[in-house]
Amino acid sequence: MKKVFYGITLARSQSKGLYNKNLRKIGKKNLIEICLNNAIKSKFLKKIFLCSDSKKILKYSKKYQCIGIQRPKKLSMDKTHVFEVLNFLLKNKKIFYAEKNTKKYIVLLSPTSPLRRTSHIDTAIKKTIKENCSSLVSITKNEKCIFKSVLINKKKIKPVFKINFINRNRQDFQNTYMPNGLIFIFDINLFLKKNRIISSNCAYLLNNKYEAIDIDTKDDLKLVKKLMKKK
């Protein structure tokens, strides 16, 4: 069965950590423009959607030949979960179902990952096709050993795993990895049926820690600007 991939960028007008971060500039382009500019160059994305509560942000959908979708205010709050927005889009927009007899995927592209390149998008999609998987997540290697982690409980520490792990050497444990937010790819039917974007048949795209920087603070923005100047 043919696979079809739709790009989606979710961008709120407000941000609790860094005010109006989606419109912050790196060089001559803001984060929305950087994201959409890389997405439209993809060889595999059938259509690209920009969903926002901001008219100012939605104007970029025309500039970059994307489809703008107004995001309801009630789904644009600080505590709104991304799954709520995805449910709104996928259950209410017939445009995702125009292609018949196809397996449809969403490629979720956050504007706060400005070091994502078109090559990352296409490599991830090609891997999804080749491995015939229901989802793909971009990951980064953890620099610290999570098996030695502890919680603070009533002024005492409590190991997350086994207590004897704390005194063992880091080399005794396997490497672990963390989703970095650069790219999520998932089967639309998987999400609608099970309300999740990671399946048991999930592939991965491995990134270094710099490629995967997610802008949430002024320091993140400064670091990315510094890295971009070196290119």
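This is a predicted model: local features need pLDDT of at least 70, side-chain atom pairs count only at pLDDT 80 or more; totals for chains, interfaces and linings use all residues.
Residues are numbered from 1 along each chain as its sequence is written, and side-chain values use heavy atoms, leaving out hydrogens and water.

Most residues other than glycine have a negative phi. Gln 65 is exposed, at 70% relative accessible area (buried is under 20%, exposed over 50% and partly exposed in between, with a 1.4 Å probe and protein chains only).

Lys 154 also has a positive phi of about 55° without being a glycine. You will find Lys 154 in the loop between S8 and S9, where its relative accessibility of 77% makes it exposed.

How many of the 10 residues of helix H1 are buried? The count is 9, which leaves this helix (residues 31-40) mostly covered. The buried set includes Leu 31, Ile 32, Ile 34 and Leu 36, and also Glu 33, Asn 37 and Asn 38. At the start of H1, Asn 30 directs a side-chain oxygen to within 3.1 Å of the backbone nitrogen of Ile 32.

Ile 57 sits in helix H2, which spans residues 55-58. Ile 57 is buried, at 1% relative accessible area. Between Ile 57 and Met 77 there are 20 residues of sequence separation and 16 Å from C-alpha to C-alpha.

## Around Ser 138

Strand S7 holds Ser 138. Is Ser 138 buried or exposed? With 0% relative accessibility, Ser 138 is buried.

## Aromatic rings

The model has 8 aromatic pairs. One of them joins Phe 147 and Phe 173, whose rings are stacked, 5.3 Å centre to centre with 20° between the planes. Phe 147 is in the loop between strand S7 (135-141) and strand S8 (150-153), and Phe 173 is in the loop between strand S9 (156-159) and strand S10 (177-187), so this pair ties together parts 26 residues apart in sequence. Phe 173 pairs with Phe 165 too: their centres are 5.1 Å apart and their planes at 70°, so this pair is edge-to-face. Rings of Phe, Tyr and Trp (its six-membered ring) pair if their centres lie within 6.5 Å, with planes under 30 degrees apart counted as stacked, over 60 as edge-to-face and the rest as tilted.

Phe 173 is buried, at 13% relative accessible area, and Phe 165 is buried as well, at 14%. Together with Phe 147 and Phe 161, these two residues form one aromatic cluster.

Elsewhere, a charge meets a ring: the charged end of Lys 127 sits over the ring of Tyr 204, 4.1 Å from the ring centre. This requires NZ of Lys or CZ of Arg to be within 6 Å of the ring centre and within 35 degrees of the ring normal.

Phe 184 is part of strand S10. Its C-alpha atom is 21 Å from that of Lys 21, a residue 163 positions away along the chain.

Arg 196 occupies the loop between helix H6 (188-194) and strand S11 (202-207).

The table sets some of the accessibilities side by side.

| Residue | Relative accessible area | Class |
|---|---|---|
| Ile 57 | 1% | buried |
| Phe 184 | 18% | buried |
| Arg 196 | 33% | partly exposed |
| Gln 65 | 70% | exposed |
| Lys 154 | 77% | exposed |

Methods: Helices (H or I, at least four residues) and strands (E, at least two) are DSSP runs, numbered from the N terminus. A polar contact is a pair of N or O atoms within 3.5 Å; within protein, one must be able to donate a hydrogen and the other to accept it, and residues adjacent in sequence count only if both atoms are side-chain atoms.
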